[in-house]
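Work through the exercises below with the sequence and the model side by side. Try each task before reading its solution.

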Amino acid sequence: MKRSWSTFLLIGGFIGLILLLGGLQYRSISQISEVDGEKARKRVQEQADRFAMDFNREIQTAYFNFQTDADTWKDKDWKAFGERYDFWREKTKYPDLIADIFFFGLKSDPEPLRFNPNDNSFQLAEMTPELSDLRTRLSQEKVFKPVYEDIYTLVLPIQDVGPAEKRIVIRQRGESLTEVEGLHEKFGYLAIRLNAETINEKLLSDLATGYFGDGEYRVAVTSSDGRPIFQSLNGEKSDAVAPLLDLSSDNFVFYSNRELMAKLKVDEKPGSGKDEHENVVVDSRIETHTFERSPSRNANGGSFKIELKKEPALRSGTFTAAVRTRTGDSPWTLTVQHSSGSLDSFLAASLGRDLAFGFGLLFLLAAAVGAIIFSAQRSKILAQRQVDFVSSVSHEFRTPLAVIYSAGENLADGIAKENEQVSRYGTLIKKEGRKLSSMVEQILEFAGAESGRKKYNFTEISVADVIDNAIAECEPLIKEREIKMEMVVPRTLPAINGDGYAVGQAIQNLIANSIKYSNGNKSIRVEAEKVAGKINILVEDNGIGISNGDLRHIFEPFFRSKAVVDAQIHGNGLGLSLVKQIAEAHGGRVFATSEIGLGSRFTIELPIIRVST
């Protein structure tokens, strides 16, 4: 049956729609993945920057809180420094962050001073090899380094400044300070030694838990020479980096502790010469502030002039800040890496999963619609075959019924009175009745097998006996067509487990088909053999043959090839379907080979009974 053009147009349109939906889905999922990836990259970088900002703020607080001038060391008045230390311990979350504080003088006191937090004073300290090495570094460094990351030490220069003008040295992120024209002579260095255990086990650990504690990302901290400081990563790929131990003054931290400010308040009039703590901004509120950039002789630098105007009751001051703009590396680097190895690989895997899921759903949709179309087409074909079957069966029934009706009418009307005529009519009625009975039995067998109600009586049977009985049942048809039967059936074949009647019926159907489609060739061969633990029953003819296109459909119910229909060969399309059902019910199969004009070869393959030993 030919399919209509509407069917092909429907299938083509559906395939086009699926391809369009697939393209749109791929584009949409890819765009969503790209946007989500950009958000994820931005989010992880923001988290890394906040991590670094919190860490650096903690270090900067411990650093800038202890900025003092040379007067503190000249007068050896440790009260203000002790108040700064107490204030820092009160405000910080990690009071154990500072392990020691040392002062190295350049003009006097060859031995360093060590801060004693118990009485808030500096005392002479023994010059250990570590302190001697630090002093040597400070004296030999041509470029000032505020951080010695290998020994966890922060260094503050102590300037011998005058009372008129205060200078603050500021550097950009990652920069090392150099001598700036106009700064006063150095008086010494304040070395703040940090507690490595507190940094690693508390400060960095708390920040890692706070910002990346969900396990999605791993964090690591490395020094400028690649030495691991905190944890480690798999591979070298990173999703975010941020500088640590950065002491650049990107923002100023103003302490507004009013109790401390009250202690440092100036009681004398400006210019009286009795000012205390002249370099401390005592006003906790800045009404106005302006920034002016002035040119510098150094092309890589510049200066800011910061004017702080306070209430009339308090004195004003001017701070000039020299700025270096040369870029350098930070002592430590925070590196963040996705737990899958990198954020890009995670996003690629997520995109792959999303695409697989999306296309999987699309495939299921296509498969469902395709199955519906296929089922509809198959139902249409089957319905047409059923119509053809009804037409064919009606035609098959009509001929024997007409013969029986005519013979019966002649007998009833007394036309046939002689015994010989009556006997001939009786034989004719019997013959046509057998045809009708055979066709009805075949239809009932098919209906029972299709409905699952067919029951088989399995016993041990002899293949040779079953073949003999099947040929005997076909004997009238063989004699009528004058068919020459060739049998090659050894009596030594092993037994099989099956229903003798059903297997015999399958063989009868194959013999009847071979006779029907013999095309004048009077030879049919029936053979049985043992092959690979199975019994093969073969029926071979030299008839019209079957085309390759029809060969794959011949075991389908109601199927009759166009060539057979055109040749007006009678049949109902159920015989070979019944053979297949019987073979499969016995755990075997049936298959055929054929060539047009040369004949066909049908084989029923059945399992042998396994004898236990």
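**Exercise 1. Find which helix gives the largest share of the nonpolar patch.**

Solution. The model is a predicted one. Begin with the members of the patch: Leu17, Leu20, Leu21, Leu24 and Leu365 make a nonpolar surface patch of about 440 Å². Helix α1, which covers residues 5-64, supplies four residues, the largest share of the patch.

**Exercise 2. Describe how helix α11 and helix α14 pack.**

Solution. Locate the two helices: α11 spans residues 500-516 and α14 spans residues 575-585. Their axes lie 9 Å apart and form an angle of about 150°. The crossing of α11 and α14 is left-handed. Then list who takes part. From α11 the contact uses Ala502, Val503, Gln505, Ala506, Asn509, Leu510 and Asn513. From α14 it uses Gly575, Leu576, Leu578, Val579 and Ile582.

**Exercise 3. Decide whether Arg525 and Glu486 are buried, partly exposed or exposed.**

Solution. Start with the pairing: a salt bridge joins the two side chains, with N and O 2.7 Å apart. Arg525 sits in strand β18 (residues 523-531) and Glu486 in strand β16 (residues 484-488), so distant parts of the chain, 39 residues apart, are linked. Arg525 has 25% relative accessibility, so Arg525 counts as partly exposed. Glu486 has 36%, so Glu486 is partly exposed too.

**Exercise 4. Work out which parts of the chain the pair Glu540 and Arg601 ties together.**

Solution. The side chains of Glu540 and Arg601 meet in a salt bridge of 3.0 Å, N to O. Glu540 belongs to strand β19 (residues 534-541) and Arg601 to strand β21 (residues 599-607), so the parts tied together are 61 residues apart in sequence. Glu540 is partly exposed at 28% relative accessibility, and Arg601 is partly exposed at 29%.

**Exercise 5. State whether Glu605 is buried or exposed.**

Solution. First find the partner of Glu605: Arg589 forms a salt bridge with Glu605, and their closest N and O atoms are 3.1 Å apart. Arg589 lies in strand β20 (residues 589-595) and Glu605 in strand β21, so the pair ties parts 16 residues apart in sequence. A residue is buried when its relative accessible area is under 20%. Glu605 has 13%, so Glu605 counts as buried. Arg589, at 43%, counts as partly exposed.

Definitions and conventions
Residues numbered from 1 in each chain as written. Predicted model: local features only at pLDDT ≥ 70, side-chain atom pairs only at ≥ 80, totals over all residues. Heavy atoms only, no water. Patch = residues over 30% accessible without salt bridge, like charges linked within 9 Å, V, L, I, M, F, W, Y side chains within 5 Å. Areas by Shrake-Rupley, 256 points an atom, 1.4 Å probe, with all protein chains shown as cover. Salt bridge = Lys/Arg side-chain N within 4 Å of Asp/Glu carboxyl O. Axes fitted to C-alpha atoms, helices over the stretch in contact; angles between N-to-C directions. Left-handed = near helix turned anticlockwise from the far one by under 90°. Contact = heavy atoms within 4.5 Å. Buried < 20%, exposed > 50% of the residue type's maximum accessible area, 1.4 Å probe, protein only.
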